[in-house]
Amino acid sequence: MSATSHDTHHDDHHDHGPPPGITRWLFTTNHKDLGVLYMVFALIMFFVGGAMAMVIRAELFQPGLNLVDPHFFNQMTTMHALVMIFGAVMPAFTGLANWLVPIQIGAPDMALPRVNNWAFWLLPAGFVLLLLTLFLPGGAPAGGWTMYPPLILQLGDAFPFLIFAVHILGISSIMGSINIVATILNLRAPGMTLMKMPLFVWAWLITAFLIVAVMPVLAGAVTMLLTDQYFGTSFFNAAGGGDPVLFQHIFWFFGHPEVYILILPAFGIVSAIIPTFARKPLFGYSSMVYATASIAFLSFIVWGHHMFSVGMPLSGQLFFMYATMLVAVPTGVKIFNWMATMWQGSMTFETPMLFAIAFVILFTIGGLSGVMLALAPVDLQYHDTYFVVAHFHYVLVTGAIFSIMAAVYYWLPKWTGNMYDERLGQWHFWLSTISVNVLFFPQHFLGLAGMPRRIPDYALQFTDFNMISSIGGFVFGLSQLIFVWVIIKCVRGGEKASDQVWEGAKGLEWTLPSPAPYHTFEQPPVVK
């Protein structure tokens, strides 16, 4: 019996389109509707997290400003990270997976449509709890998104809200990932072997396994925090024989695979876009698959590079240093393959391609600063400085977020049946790309000069670079309003997208415009 056949008979109005108004969105099990919900939610959270970043950059515009209370500043740095990671980037990628994975493997929908609905609606619930901490006695977490004890235990009444929010968001991620794995492994069209799947599907299959593996580790870590606070245990309490560094080990065993969860789907997106606009097949398909799997495997054995400064034995430092540098090999394979795909291609530079090329160049900068941070003796100098902030923002903003923007421009014609405004898209690209470099590049110099991260005030010698960085930040933030306008304009109408959306591009079966059917369960596929 098909995983979806029980859905075929329970509703009479399927033939008459979706139910009216809000009920369509509340109860939908349609993968396209849920993809839209995920992405709209991610966009809202992108602006919430962005507003927090604007508070940070405004405070750092000059030393001694005191625009906000220093404790509130620390809450902003912490909440900005939690909102952007769990509220913007992960849900955006999950929304793309919902929309595209069934279409790309020829499935009628996701394998577990009701789980899909449930996984989405846990997200707003989790974020209500998380953002509520800002208004509770004790206040939002202010010790960094890493939630290190003993700092995090000073939250008071807000503490259990934070822990519960993390649990709910984790459950949502695990459910979404199980659904993706079940869909890819069970609902591929006849004849689609694993090594024939589009790379976006491969990237998500591997990412989903990572999520299922590491989210329970985070759940365990925060549960131990909870029992330390309320049930008298001493996992991390030195006074009771515990060890705060143990928390760091458990957290980063989750946290390092997590940063790859935030970038692997981006690799899949870029591997779809570059061949389209180079008008050539992707160079080295199988090596791309193996490289993605290698990166995922290595992500489990490098967590200690976040902890070089805790007093790790030399053998530990050497192991984590070499293992971390090894990640550069499969990543370099990917970069090489993307460049080889573009080499001698008939390239055109529409907005999705611009974002994809910017991704390759700027993500590489983030990768190179990552190799610097992998060196234990060097990291002792760089640790907890703005160099680290510059490094991971090159990976997560010009990496993950640029790839999401590329994906939106690339697939909007498919999703809406309308073309987006190319001129506005190009404005958005150039403003974003210039400003994001003005924002984050100077932070490398600040970090090398010794400016620590997560501080509301700083010494005078750091003023100029911080001013430049803040100006870049405000321009980048405002540029994203163009992005929203492009999306709204495209959804509301515009030039109709043709069968061949991107002129003369071959093999674009995934960019044909298709009005979303209300559900796709009429004929469950017969898998021979």
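This is a predicted model: local features need pLDDT of at least 70, side-chain atom pairs count only at pLDDT 80 or more; totals for chains, interfaces and linings use all residues.
1. F402 has a relative accessibility of 0% and is therefore counted as buried.

2. The cut-off behind both assignments is a relative accessible area under 20%.

3. In total, 38 aromatic pairs occur in the structure. One of them joins F251 and F254, whose ring centres are 5.6 Å apart with 75° between the planes, an edge-to-face arrangement. An angle over 60 degrees is what places a pair in that class.

4. Helix α7 covers residues 244–261 and carries both F251 and F254; they are three residues apart, so about one helical turn separates them. F251 is buried, its relative accessible area being 1%. F254 is buried too, with a value of 0%.

5. The rings of F355 and F402 also pair: the centres lie 5.1 Å apart and the planes meet at 85°, so this contact is edge-to-face. F355 belongs to helix α12 (residues 351–374), whereas F402 belongs to helix α14 (residues 386–416); the pair therefore ties together parts 47 residues apart in sequence.

6. Which residues make up the aromatic cluster that includes F251 and F254? Its members are W145, Y148, F235, F236, F247, F251, W252 and F254. The edge-to-face pair of F251 and F254 thus has both of its residues in this one cluster.

Definitions and conventions: Residues are numbered from 1 along each chain as its sequence is written. Side-chain values use heavy atoms; hydrogens and water are left out. Rings of Phe, Tyr and Trp (its six-membered ring) pair if their centres lie within 6.5 Å; planes under 30 degrees apart count as stacked, over 60 as edge-to-face and the rest as tilted. Helices (H or I, at least four residues) and strands (E, at least two) are DSSP runs, numbered from the N terminus. Buried means under 20% relative accessible area, exposed over 50%, partly exposed in between (1.4 Å probe, protein chains only).
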